[in-house]
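Please open the model in your viewer and keep the selection tool at hand. The tour moves from one selection to the next and says what is found at each stop.

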Amino acid sequence: MRRRGPHMPDSMEMLLDTMCNTFGGIIFIAITMIVLSAMVSDRQKASSQNYQQVRMLEMLESGNKALDAGNRELRASISEVEKRIPANYRELKELRTENRTLEAGMAAANKVAADLESQSKQAVAENEEIKQKSDSRRTSIEEKLHELEVQERDTEVELKSLKAELRNTRERVMRFPVEERVVLKPYWVLLCSNKLYRLGTSIESGNDEVGMEEISPGRVRLLPLNGIRILESNAKKALPVLFADFPGDGHFVYLVTDTESFTALFHTRLYLRQQGIMINWMVNPDYVFQRAASGSYSASY
């Protein structure tokens, strides 16, 4: 530096020199601090990275240990599974056998179900047929019942009429001709207290069911001995048996009744008409007849 002129004192130069040196020192210190700060920051970063790497290594080591433990457990599980494989194979074989048995059972059950379904359909069809037959039968029965009800009403009317006729009919004496001059011959039947006694075609003597008593010359009383009661409950079974020995062609049935045997009279007449046998009847509660030299009869269905 060249010297200044004599007009600038040395103190000023010294001040300026000092100030320049101070400013330069400040700048140097600042630059130094900046450089040091950068160096410290780099070291901190390096230290932080080293810490993280150490931490990562520790975590890796911990994970490796866990993996080793898991590997040991897995090997133990594999060993246990290997030990259980034969038992599992036997169990699997048993399960397969049981499955085949179940499949066979299912097949049999399906076959039974199919058979049952077929039988059910057949039963439904049979039930429908039975129902139709039952309906038809019920209709027929209802018609028959209606017909029987009508017949019952007609029968009640006829019974009432027959009762009145029996009570109002004048008693007559029977006449047995010695010489019969008729086309049809009588088959004599007595009705007493709703019992039926068969005398038959013989007028000379009685039998086990009807006896004869001579009460005066030419007058005979018939005696009911052994008869069969004729009621509504047994008429259909008893009458065919009682008239099984009826001679048939050339004969008719002559009924002689008292005034109380209207039930037996009704059912006997009804049966004989149904069989196409001609009949005649009279009310004679004493069952007395007069023998005659000759006579004739009338009969109708």
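A residue is called buried when its relative accessible area is under 20%, exposed when it is over 50%, and partly exposed in between, with a 1.4 Å probe and protein chains only as cover. This is a predicted model, in which local features need pLDDT of at least 70 and side-chain atom pairs count only at pLDDT 80 or more, while totals for chains, interfaces and linings use all residues. Residues are numbered from 1 along each chain as its sequence is written, and side-chain values use heavy atoms, with hydrogens and water left out.

**Stop one: aromatic rings**

Select W188 and Y254, which are both buried. Rings of Phe, Tyr and Trp (its six-membered ring) form a pair if their centres lie within 6.5 Å, and a pair is stacked with planes under 30 degrees apart, edge-to-face over 60 and tilted for the rest. By this rule there are five aromatic pairs. For W188 and Y254 the ring centres are 4.7 Å apart and the planes stand at 15°, so this pair is stacked. Because W188 lies in strand 2 and Y254 in strand 7, the pair ties together parts that are 66 residues apart in sequence; helices (H or I, at least four residues) and strands (E, at least two) are DSSP runs, numbered from the N terminus.

**Stop two: the nonpolar cores**

A nonpolar core is a set of buried Ala, Val, Leu, Ile, Met, Phe, Trp, Tyr and Cys residues joined through side-chain atoms within 4.5 Å. The largest one has 21 residues, and those with the most contacts inside it are V189, L196, I230, L239, F243, V253 and L272. Two or more residues of this core come from each of strand 2 (185–192), helix 2 (235–242), strand 7 (251–257), helix 3 (262–274) and strand 8 (279–283). A second, separate core has 16 residues, including L190, V210, M282 and Y297.

Which residues does I230 touch, not counting those up to four places away in sequence? With contact taken as heavy atoms within 4.5 Å, I230 touches N194, L196, A235, A238, L239, L242, T263, A264, H267 and T268.

**Stop three: salt bridges**

A salt bridge is a side-chain nitrogen of Lys or Arg within 4 Å of a carboxyl oxygen of Asp or Glu, and the structure holds seven of them. Select R198 and D245, whose side chains meet in a salt bridge (3.7 Å, N to O). R198 lies in strand 3 (residues 195–200) and D245 in the loop between helix 2 and strand 7, so the pair ties together parts that are 47 residues apart in sequence. R198 counts as buried at 18% relative accessibility, whereas D245 is partly exposed at 48%.

E117 is partly exposed at 46% relative accessibility, and K121 is exposed at 55%.
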